[in-house]
Amino acid sequence: MNLEFNIAVHVLTFLSRHSSERFSSSELASKVCVNPVQLRKVTGKLLENNYITTQKGKYGGYSINGNVLDTPLSEIFKLFTANKSFGRIYTGTTNSECKISNEMRRVMSNYHEKEFEVLESFYQNIFIENILNDILMEGYNEKI
């Protein structure tokens, strides 16, 4: 899991719960407990993929775009992890005379791909609605 994925799920769950309201980026960042720059990076992708909308002006802000409660987390996971570079995560080099060093990157890269397939499969049957229900069942607080 990465932070952007978590922020996206948080934003979609929060905006679904407050579907008739709009929130400025600073308000939404405060509700999601991240800084506005982090939030805008995530909301940019959510806007681009039509999960949320934004309206400019005095009464503008972010809002949910229709009903996303039936959105599987696997969609959001792919959106925020596909082709994502996490910096250097493999050791070894193809320039090495050592067979282990020479092949380590290739082998670990294959495992890494399988790891993402497992995670994507895990999130396939979990929906934004499940997240909201899990939160509400834990003792709903009107402050959400």
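The expected span of a helix is 1.5 Å times one less than its number of residues. Keep that in mind for helix 3. This is a predicted model, by the way.

Helix 3 covers residues 36-48, so 13 residues in total, and the span should be 18 Å. The end C-alpha atoms are 18 Å apart, which agrees.

Now the two sides. Which residues of helix 3 are buried? They are Leu39, Val42, Thr43 and Leu46. Looking down the axis of helix 3, these buried residues fall within an arc of 100°, so they line one face of the helix. Turn to the face pointing away from that buried side. There you find the exposed residues Val37, Lys41 and Glu48.

What covers the buried residues? The cover includes helix 1 (3-17), helix 2 (25-32) and helix 4 (73-81). Strand 1 (52-55) and strand 2 (61-64) are also included.

Let me take helix 1 as the partner. The axes of helix 1 and helix 3 come within 10 Å and cross at roughly 70°. That makes helix 1 roughly perpendicular to helix 3. Who meets whom? From helix 1 come Leu3, Glu4, Ile7, Ala8, Val11 and Leu12. They meet Gln38, Leu39, Lys41, Val42, Lys45 and Leu46 in helix 3.

Last, the two ends. At the N-terminal end, Asn35 caps helix 3. A side-chain oxygen of Asn35 lies 2.9 Å from the backbone nitrogen of Val37. At the other end, look at Asn50. Just after helix 3, Asn50 takes a positive phi of about 60°.

How values were computed. Residues numbered from 1 in each chain as written. Predicted model: local features only at pLDDT ≥ 70, side-chain atom pairs only at ≥ 80, totals over all residues. Heavy atoms only, no water. Helix = DSSP H or I, 4+ residues; strand = E, 2+ residues; numbered from the N terminus. Buried < 20%, exposed > 50% of the residue type's maximum accessible area, 1.4 Å probe, protein only. Arc of directions from axis to C-beta. Contact = heavy atoms within 4.5 Å. Polar contact = N/O pair within 3.5 Å; in protein donor to acceptor, adjacent residues only side chain to side chain. Axes fitted to C-alpha atoms, helices over the stretch in contact; angles between N-to-C directions. Parallel < 35°, antiparallel > 145°, perpendicular 65-115°, else oblique.
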